[in-house]
Amino acid sequence: MLTKEELIQEAFKGLRFAYAPYSGYPVGAAVLAKDGRVFLGCNIENASYPAGNCGERTALYHAYAHGLRKDDIAALAIVTNGNTVAGPCGICRQVMLELMNADTPIYLANRSDQIETCIKELMPLSFTAEDLK
Ligand SMILES: [Zn+2]
């Protein structure tokens, strides 16, 4: 099983594949499965901006497309080359809420700093499937 540091390095591998010609802000991500597999993601932008996809969502969709579900996910790392450790956008937080367990570790990092959090911390007072019952 990868360590936190190793998973962050995997996310930086994902960042190399980013397609970010409009923002110039590449993002990488990596989902660590409990069986040890790693699913990379990156942001993929589009001239029609809303059609783009963020790196962390790409990684989660990558994992789900390979059959993983929330109980199979051990951790998620999200990285940038920016000067700050960036938090996920609101859409990604909603997707993480749906596709990850509340306390699964989420590592946010840039080249110099790291923050460890989870979706329960990132998305208080959220709207979930429980609200639809
Ligand atoms: Zn996002």
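The legends below describe close-up views of a predicted model.

Local features are reported only where pLDDT is at least 70 and side-chain atom pairs only at pLDDT 80 or more, whereas totals for chains, interfaces and linings use all residues. Residues are numbered from 1 along each chain as its sequence is written, and side-chain values use heavy atoms, with hydrogens and water left out.

**View 1. The open sheet of 5 strands, in the order β2-β1-β3-β4-β5, has mixed pairing.** Strands (E, at least two residues) and helices (H or I, at least four) are DSSP runs numbered from the N terminus, and two strands pair if DSSP finds at least two bridges between them. The edge strands β2 and β5 (114–117) each pair on one side only. Neighbouring strands are turned by 15° against each other on average, direction ignored, with axes taken as lines fitted to C-alpha atoms, for helices over the stretch in contact, and angles running from 0 to 180 degrees between N-to-C directions. β3 and β4 pair in the parallel sense over 4 bridges, and valine 79 has alanine 109 in β4 as its bridge partner. Helix α1 (residues 4–15) packs on the sheet, touching β1, β2, β3, β4 and β5, and its direction makes about 55° with that of β3.

**View 2. β1 and β2 form a hairpin with 4 residues between them.** Strand β1 (residues 27–33) pairs with strand β2 (residues 38–42) in the antiparallel sense over 5 bridges, and alanine 29 stands opposite glycine 41 in β2. Glycine 36, in the turn, has a positive phi of about 100°.

**View 3. The zinc ion has Cys54 (SG), Cys89 (SG) and Cys92 (SG) as its protein donors.** These donors lie 2.2 to 2.3 Å from the ion and follow the spacing C-x34-C-x2-C along the chain. Donors are N, O and S atoms within 2.8 Å of the metal (3.2 Å for Na, K and Ca), and sites may look incomplete because water is not among the atoms. Cysteine 54 is partly exposed at 22% relative accessibility, whereas cysteine 92 is buried with a relative accessible area of 1%; buried means under 20%, exposed over 50% and partly exposed in between (1.4 Å probe, protein chains only).

**View 4. Leucine 60 is among the residues that touch the most other members of the largest nonpolar core, which has 23 residues.** Such a core is a set of buried Ala, Val, Leu, Ile, Met, Phe, Trp, Tyr and Cys residues joined through side-chain atoms within 4.5 Å. Leaving aside neighbours within four places in sequence, leucine 60 is in contact (heavy atoms within 4.5 Å) with Val31, Ile73, Leu76, Val95, Met96, Leu99 and Met100.
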